[in-house]
Amino acid sequence: MVRHFLTDRSVRVRLEGETTEPLPLDCGTPQGSPLSPLLYLLYLAELLNQNRELRFGYADDLALVRTSKDLRTNVALLQQDAQEVLEWCERNKVYFAWEKSELLHISATRSDADPPVVISGDIRIQPVAEPQPENDRPSKLPALRWLGIYLDRKLTFRRHISERCSRAEKVAWHLRSLANTKYGPPAHSIRKTV
């Protein structure tokens, strides 16, 4: 069964009505295949198992976690961890989109300038910014998004609550528009839907 997904495949490119001839595809898994995430996790298992207490993975997300009593020490440890991940990636021909990486410092002391994590000359991960005093709107507060949860620097979850309320309000307005008395469906159908 697995062999069927991975062999005898080809790819064609279509652009503005023109389609190329099929070319054989010798690597990878088909997009949308249920096999793709499983193979990806198996492939990254070695990286995640190198340090189970400091590395976490879910689907195609990887998290590096460090705690220490000093912010500078923590940044140095994170840089070392990220450099190890980068070296592993180079050895195993894995590419991470480092530009999508996010950094969140959670600290008991306030720091005016939180340091970035510098992995290599061209890879720097900037920390999530501190909210500006005039920026009181929770939906605009800087936050790191991890598995659908918005984490702000003080762990108030104001951004997360704001995002979820906004989505719920959109659904409610959509349901309300469906119940339009002139053009909408019967009221008993709307009650069942809700």
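Student: Where is Lys93 found in this structure?

Tutor: Lys93 sits in the loop between H3 and S7. Keep in mind that this is a predicted model.

Student: Is Lys93 buried or exposed?

Tutor: Lys93 counts as exposed, because its relative accessibility is 75%, and the cut-off for exposed is over 50%.

Student: What is there to read in the phi of Lys93?

Tutor: Start with the general idea: most residues other than glycine have a negative phi. In Lys93, phi is near 55 degrees, a positive value in a residue that is not glycine. Leu147 is another case, again with phi near 55 degrees and again not a glycine.

Student: Where is Leu147, then?

Tutor: Leu147 is placed in the loop between S9 and strand S10, which spans residues 149–151. With a relative accessibility of 43%, Leu147 counts as partly exposed.

Student: Let us step back to the whole chain. How many helices and strands does the protein chain have?

Tutor: The protein chain has five helices and 10 strands. Its length is 194 residues, of which 24% count as buried. Take the contacts between residues at least 6 apart in sequence: 37% of these join residues at least 24 apart.

Student: How should I read a nonpolar core, and which residues have the most contacts inside the largest one?

Tutor: In soluble globular proteins, nonpolar side chains tend to be buried together. Here the largest nonpolar core has 18 residues, and Phe96, Trp98, Val117 and Ile119 have the most contacts inside it. Two or more residues of this core come from each of helix H2 (35–49), helix H3 (71–91), strand S7 (117–120) and strand S8 (123–125). H3 gives the largest share, eight residues.

Student: Which residues are in contact with Phe96?

Tutor: Setting aside neighbours within four places in sequence, Phe96 is in contact with Tyr40, Leu44, Leu47, Leu62, Val85 and Cys89.

Student: How many aromatic pairs does the structure hold?

Tutor: The structure holds one aromatic pair. The pair is made by Phe96 and Trp98: the ring centres are 6.1 Å apart and the planes stand at 85 degrees, so the pair is edge-to-face. In general, a pair of aromatic rings is described by the distance of the centres and the angle of the planes. Both Phe96 and Trp98 are buried.

Student: Which element gives the most to the lining of the largest pocket?

Tutor: H3 gives the most to that lining, with five residues. Strand S6 (61–64), H3 and strand S9 (144–146) each supply at least two. By residue type, the lining of the largest pocket has 25 nonpolar, eight polar and eight charged residues.

Student: Asn74 is in helix H3 as well. Is Asn74 buried or exposed?

Tutor: Asn74 counts as buried because its relative accessibility is 10%, and the cut-off for buried is under 20%. Apart from neighbours within four places in sequence, Asn74 is in contact with Arg66, Thr67 and Ser68.

Student: What about helix H4, where His160 lies? Which residues does His160 touch?

Tutor: Helix H4 covers residues 158–178. Beyond residues up to four places away in sequence, His160 touches Gly148, Ile149 and Tyr150. With a relative accessible area of 17%, His160 is buried. The C-alpha atoms of His160 and Arg145 are 8.9 Å apart, and the two residues are 15 apart in sequence.

Student: Arg176 is in helix H4 too. How is its accessibility read, buried or exposed?

Tutor: Arg176 counts as exposed, at 52% relative accessibility. Arg176 and Ile190 are 14 residues apart in sequence, with 9.0 Å between their C-alpha atoms.

Definitions and conventions: Residues are numbered from 1 along each chain as its sequence is written. This is a predicted model: local features need pLDDT of at least 70, side-chain atom pairs count only at pLDDT 80 or more; totals for chains, interfaces and linings use all residues. Side-chain values use heavy atoms; hydrogens and water are left out. Helices (H or I, at least four residues) and strands (E, at least two) are DSSP runs, numbered from the N terminus. Buried means under 20% relative accessible area, exposed over 50%, partly exposed in between (1.4 Å probe, protein chains only). Contact means heavy atoms within 4.5 Å. A nonpolar core is a set of buried Ala, Val, Leu, Ile, Met, Phe, Trp, Tyr and Cys residues joined through side-chain atoms within 4.5 Å. Ala, Val, Leu, Ile, Met, Phe, Trp, Tyr, Cys and Pro count as nonpolar, Asp, Glu, Lys and Arg as charged, and the others, Gly among them, as polar. Rings of Phe, Tyr and Trp (its six-membered ring) pair if their centres lie within 6.5 Å; planes under 30 degrees apart count as stacked, over 60 as edge-to-face and the rest as tilted.
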